[in-house]
Amino acid sequence: AQVTVWIGYIQWHKDNGFAELKEPILQPLDTIKRMDAILAFDETGKPVEPAWPEADVIIGNPPFLGDKKMRAELGDKYVEDLRKLFEGRVPGGADLVTYWFERAREFIERGKVKRVGLLATQSVRAGANRKVLERIKQSGNIFMAWRDRPWVLEGAQVRVSMVGFDAGIETDYILDDKPVVVINSDLTTSLDLTTASRLRENMSLAFIGTQKTGSFELDSDQATAMLSTTNNSYGRSNEDVVRRWVNGSDITNRPKGMWIIFFGENMSFDEAKLYEEPFRYVEQHVKPERLKSRQKRLRECYWLFEKPRPAMWRAAERLHRFIITPRVARHRIFVFLETTTIPDTRTVVIMRSDEYFLGILHSYVHELWALSTSSRHGVGNDPTYNAQSCFETFPFPWPPGQEPLDDPRVTAISEAAQRLVAQRDTWLNEPGLSEAELKQRTLTKLYNQRPPWLDQAHKELDQAVCDAYGWPHDLSDEAILTQLLALNLARAAKQGDAAAAAVETHTDDEE
């Protein structure tokens with residue numbers, strides 16, 4: 001670390017015309033130490049914040065470790081001690097890197113440090129992580145940032161954000177190498193969508209798909225064999241627990257025809273055993289994996305998914321189909337699926353079955369909002385779709401469930417959505433094409449090509465949605481977002497603080 005800093009120091013001098021360097025070139029850097037920078041323990045074993053060396057500026061590349069991986073990598077006790085120590089300052093679901101941001105922020109607030117520059121994965125500007133950047137904005141300001149840059153090290157490729165902040169002294173702001181007037185806590189400029197509230201009217205509608213944690217999946221031949229078995233005790237049908245399974249790539253590409261064994265939300269051991277062949281498969285393929293888990297429930301209830309999403313299935317009881325979208329995808333695509341299908345955790349499921357609702361979700365108005373409130377993921381830098389930040393904050397033309405069904409504007413959206421879905425399905429499954437040719441027909445490729453008929457279908461849908469809002473058809477992106485934010489804030493003020501209505505299904509929405 002010390003050598004890297006000196007190399008950067010020398011490079012800066014060379015690039016800025018300062019030729020002379022002190023000798024020896026590699027001087028002591030007592031401010032860089034090998035230690036745990038965020039958690040220590042006093043003589044009684046109580047967690048405390050370790051002392052940091054005195055410095056004018058803090059720069060660094062803190063470790064990238066997501067919230068979901070912290071316990072596996074650091075241990076339960078470490079994570080619990082760390083979260084207790086930073087309680088009220090760093091949200092429980094935040095990534096490890098945010099603790100460095102909060103500690104550095106506090107040093108600035110106390111006047112011990114002038115400036116800070118830190119790296120993080122680009123998810124620092126979304127979800128629970130963003131709360132730490134909001135605290136930086138409250139006690140000081142972000143004066144420099146790069147939202148999304150590729151970071152390649154020894155073959156590993158991630159996307160990073162770089163953030164510079166101080167006590168609010170700097171008056172020149174640079175975002176992605178360009179001068180701007182302000183940098184918001186989500187590392188955007190101008191319109192601050194982080195002020196949007198979760199709307200109670202949208203809650204209990206969008207859910208993350210199930211998380212299996214184990215080899216429950218079956219190929220088509222395995223599923224067919226189980227479904228044809230009729231020798232279960234007490235006449236149980238394997239159709240109850242052998243279900244079609246979809247993940248994000250099944251939506252954006254051709255469905256792989258996968259199945260999965262799903263013993264429901266909380267089926268007992270004795271009841272699950274009645275499905276003899278599926279249960280035998282789980283004992284052979286899932287149980288050995290689960291017995292290695294550190295989580296007691298995963299070991300003891302090895303036949304059940306880790307997260308079966310009971311609230312999602314309660315919401316699905318009254319529907320014959322739902323709307324589903326990948327959590328990460330280049331294009332924001334929504335499709336209908338039957339409620340007998342088991343959605344994977346890399347999908348978001350919306351509990352509506354009507355074309356009107358799908359039409360709103362598939363409009364440019366909603367796509368623009370989703371892109372503006374999402375984070376980016378992976379080497380492809382594809383946008384994510386999160387139930388909390390993208391869906392629950394989005395103000396529909398009418399609150400969900402309060403649409404005037406006989407209104408011609410609702411009918412126009414439904415009809416435009418129907419045409420769009422029908423035309424897409426015809427293209428995906430065009431008669432007369434060979435199997436090899438059909439494999440090339442995917443929604444990702446369709447939206448990459450964007451043929452004229454698809455453009456026209458979306459144009460008709462977008463115009464119908466604008467009519468429902470009472471907007472002209474030629475609004476700029478900035479104007480659309482401004483209108484949506486104003487509508488969100490107005491509804492949030494009318495309904496009170498919707499964020500208080502927590503929904504358990506969303507606790508792991510930001511990964």
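## Salt bridges

A salt bridge is a side-chain nitrogen of Lys or Arg within 4 Å of a carboxyl oxygen of Asp or Glu. In this predicted model, the count comes to 29 salt bridges.

Take Glu-109 and Arg-105, whose side chains meet in a salt bridge with N and O 3.0 Å apart. They sit four residues apart in helix 4 (residues 98–109), so about one helical turn separates them. Arg-105 is buried, because its relative accessible area is 5% and the cut-off for buried is under 20%. Both residues also belong to a network of salt bridges, whose members include Glu-49, Arg-89 and Arg-135.

## Two more pairs

In helix 5 (residues 127–139), Lys-131 and Glu-134 are three residues apart, again about one helical turn. Their salt bridge has its closest N and O atoms 4.0 Å apart. Lys-131 is partly exposed at 41%, whereas Glu-134 is buried at 18%.

Asp-407 and Arg-409 pair up too, at 2.8 Å from N to O. Here Asp-407 is buried, at 13%, and Arg-409 is partly exposed, at 33%.

## A buried Glu in a loop

Now look at the loop between strand 6 (156–166) and strand 7 (173–175), where you'll find Glu-170. With 19% relative accessibility, Glu-170 counts as buried. Its side chain makes a polar contact of 2.4 Å with the side chain of Arg-115. A polar atom of the Glu-170 side chain also lies 2.9 Å from the backbone nitrogen of Asp-172.

## The nonpolar cores

The largest nonpolar core has 89 residues, and Val-365 is one of those touching the most other members. Further along the sequence, contacts of Val-365 include Phe-394, Tyr-469 and Trp-471. Another core, of 38 residues, lies apart from it, with Val-90 and Leu-118 among them.

Terms used
Residues are numbered from 1 along each chain as its sequence is written. This is a predicted model: local features need pLDDT of at least 70, side-chain atom pairs count only at pLDDT 80 or more; totals for chains, interfaces and linings use all residues. Side-chain values use heavy atoms; hydrogens and water are left out. A nonpolar core is a set of buried Ala, Val, Leu, Ile, Met, Phe, Trp, Tyr and Cys residues joined through side-chain atoms within 4.5 Å. Buried means under 20% relative accessible area, exposed over 50%, partly exposed in between (1.4 Å probe, protein chains only). Contact means heavy atoms within 4.5 Å. Helices (H or I, at least four residues) and strands (E, at least two) are DSSP runs, numbered from the N terminus. A polar contact is a pair of N or O atoms within 3.5 Å; within protein, one must be able to donate a hydrogen and the other to accept it, and residues adjacent in sequence count only if both atoms are side-chain atoms. Lists of a residue's contacts leave out its neighbours within four places in sequence.
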